[in-house]
Amino acid sequence: MSGVQRRNAVGVDVGGVMVGGGAPIVVQSMTNTDTADVEATVRQVAQLWRAGSELVRITVDRDEAAAAVPHIRDRLRGRGIDVPLIGDFHYIGHKLLTEHPACAEALDKYRINPGNVGFKAKRDTQFSTLIELAIRYNKPVRIGVNWGSLDEDLLTRLMDENSASAEPVSAAAVQREAIIQSALLSARRAEEIGLGRDRIILSTKVSDVQHLIAVYQDLAARCDYALHLGLTEAGMGSKGIVASSAAMGILLQQGIGDTIRVSLTPEPGGDRTQEVRVAQELLQTMGFRQFLPVVAACPGCGRTTSQTFQVLAKEIQDHLSASMPDWKERYPGVEQLSVAVMGCIVNGPGESKHADIGISLPGTGEAPAAPVFVDGQKVATLRGADVAEQFKGMVADYIEKRFGRGARSAAE
């Protein structure tokens with residue numbers, strides 16, 4: 001759909017999902033359950049998968065969590081869910097993967113933070129152990145640098161060099177350079193140990209929009225590794241959605257990014273799957289992927305004092321979203337569907353004609369009739385108190401006729 005020229009990144013196979021190498025941009029998410037709680041983690045991974053997450057990261061922070069990983073994998077597969085699982089390791093990843101070989105085998109990718117993989121003399125040894133384990137179990141690795149846990153020795157050295165320079169740059173520029181060097185030096189070291197370039201993904205996450213754009217632009221210009229995008233702490237609600245969309249939208253438009261995560265802070269007791277839906281909507285809005293049918297609806301004005309079109313638009317949107325897990329199997333291609341729910345005669349008929357199926361509801365003072373358009377042609381005029389139910393039935397019929405088994409047989 002999009003004419004944006006994608007950056008040429010080396011492709012990485014993550015449990016059967018290709019990242020980079022010209023593959024579609026992949027949506028990733030992360031659980032916030034205690035991984036040692038197998039049932040809770042399985043339940044949330046399943047929810048994220050049903051919402052459309054193509055990779056799911058889980059925290060592996062102690063022995064109990066590592067021991068739980070193979071059971072989580074097995075229970076998910078027992079439910080028919082084969083989503084790749086990524087182990088998130090900090091501080092003692094080398095120890096956990098060494099002492100829990102079933103965990104090392106069950107995971108589809110390891111995430112390593114070079115800022116806390118080890119300190120001082122232990123850093124190189126523990127990093128090497130992690131890479132050697134990835135090679136032994138044939139697992140790809142994401143080397144994920146965060147500015148909140150940056151290698152202090154590297155940052156101090158670069159700051160000292162900058163202070164002694166005849167043309168010093170800003171402290172923020174030095175910090176960005178430290179982030180990039182941490183990722184590139186770690187990747188180079190992993191290759192020296194024997195991990196292939198097609199087994200390495202890099203990320204350089206910060207929580208400031210402008211810094212994120214700058215650091216990924218520079219990183220992308222200096223390597224061809226597959227890149228994972230995301231603000232490290234996007235925030236809650238609309239702030240997190242806007243910040244993530246602004247930062248990643250610019251980078252994606254420049255062809256930068258092979259997999260993304262929208263790291264939203266959930267409301268207390270909130271739905272973790274929101275981060276998946278936002279990531280999908282970002283990619284779909286920009287024309288990179290198509291995940292759900294598009295519902296076009298007017299914003300409303302003084303011509304539309306009735307809330308009928310708002311209620312119907314929401315019902316249609318919710319119905320399509322809830323039905324997609326089943327429809328993807330029954331109706332291949334249904335995500336390409338476009339529906340219009342309009343509120344008056346100004347733009348209603350025109351927008352409805354542009355959609356696959358659309359309805360133009362009567363606005364304030366208009367005749368109580370709602371024309372329906374299918375593939376650009378008016379096919380019916382609905383009247384009565386059950387217009388919404390009538391239209392939803394027409395949408396279901398359209399989906400069956402266009403995407404159902406009978407339509408596929410006729411096309412073949």
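Modeller: This is a predicted model, and in it the axes of helix H6 (residues 152-164) and helix H7 (residues 171-193) come within 9 Å, crossing at roughly 135 degrees.

Colleague: Which residues make the contact?

Modeller: From H6 the contact uses Leu154, Leu155, Arg157, Leu158, Met159 and Asn162, while H7 contributes Ala171, Val174, Gln175, Glu177, Ala178, Gln181 and Ser182. Sorted by class, seven of the residues in this contact of H6 with H7 are nonpolar, four are polar and two are charged.

Colleague: Okay, on to H8. How many residues does H8 have, and how far does H8 reach?

Modeller: Helix H8 (residues 209-222) has 14 residues, and from its first C-alpha to its last it reaches 20 Å, which is close to the 20 Å expected at 1.5 Å a residue.

Colleague: Which residues of H8 are buried, and what covers them?

Modeller: The buried residues of H8 are Leu212, Ile213, Val215, Tyr216, Leu219 and Ala220. What covers them includes H7, strand E8 (200-205), strand E9 (226-229) and helix H9 (237-253). As background for reading such a list, an α-helix has 3.6 residues a turn, so residues three or four places apart point the same way.

Colleague: New topic, backbone angles. Which residues other than glycine have a positive phi?

Modeller: Among them are Asn138, with a phi near 55 degrees, and Asp375, with a phi of about 50 degrees.

Colleague: Where are Asn138 and Asp375 found?

Modeller: Asn138 has its place in the loop between helix H5 (122-136) and strand E7 (141-146), whereas Asp375 is found in the loop between strand E16 (370-374) and strand E17 (377-382).

Colleague: And is Asn138 buried or exposed?

Modeller: Asn138 is exposed, because its relative accessible area is 56% and exposed means over 50%.

Colleague: Last thing, what about the chain as a whole?

Modeller: The chain has 14 helices and 17 strands, and its C-alpha atoms fill a box of roughly 80 × 55 × 45 Å along the principal axes. Of the 412 residues in the chain, 50% are buried. Among contacts in the chain with a separation of 6 or more, 67% come from residues 24 or more positions apart.

Key:
Residues numbered from 1 in each chain as written. Predicted model: local features only at pLDDT ≥ 70, side-chain atom pairs only at ≥ 80, totals over all residues. Heavy atoms only, no water. Axes fitted to C-alpha atoms, helices over the stretch in contact; angles between N-to-C directions. Helix = DSSP H or I, 4+ residues; strand = E, 2+ residues; numbered from the N terminus. Contact = heavy atoms within 4.5 Å. Nonpolar A, V, L, I, M, F, W, Y, C, P; charged D, E, K, R; others polar. Expected span 1.5 Å × (residues − 1). Buried < 20%, exposed > 50% of the residue type's maximum accessible area, 1.4 Å probe, protein only.
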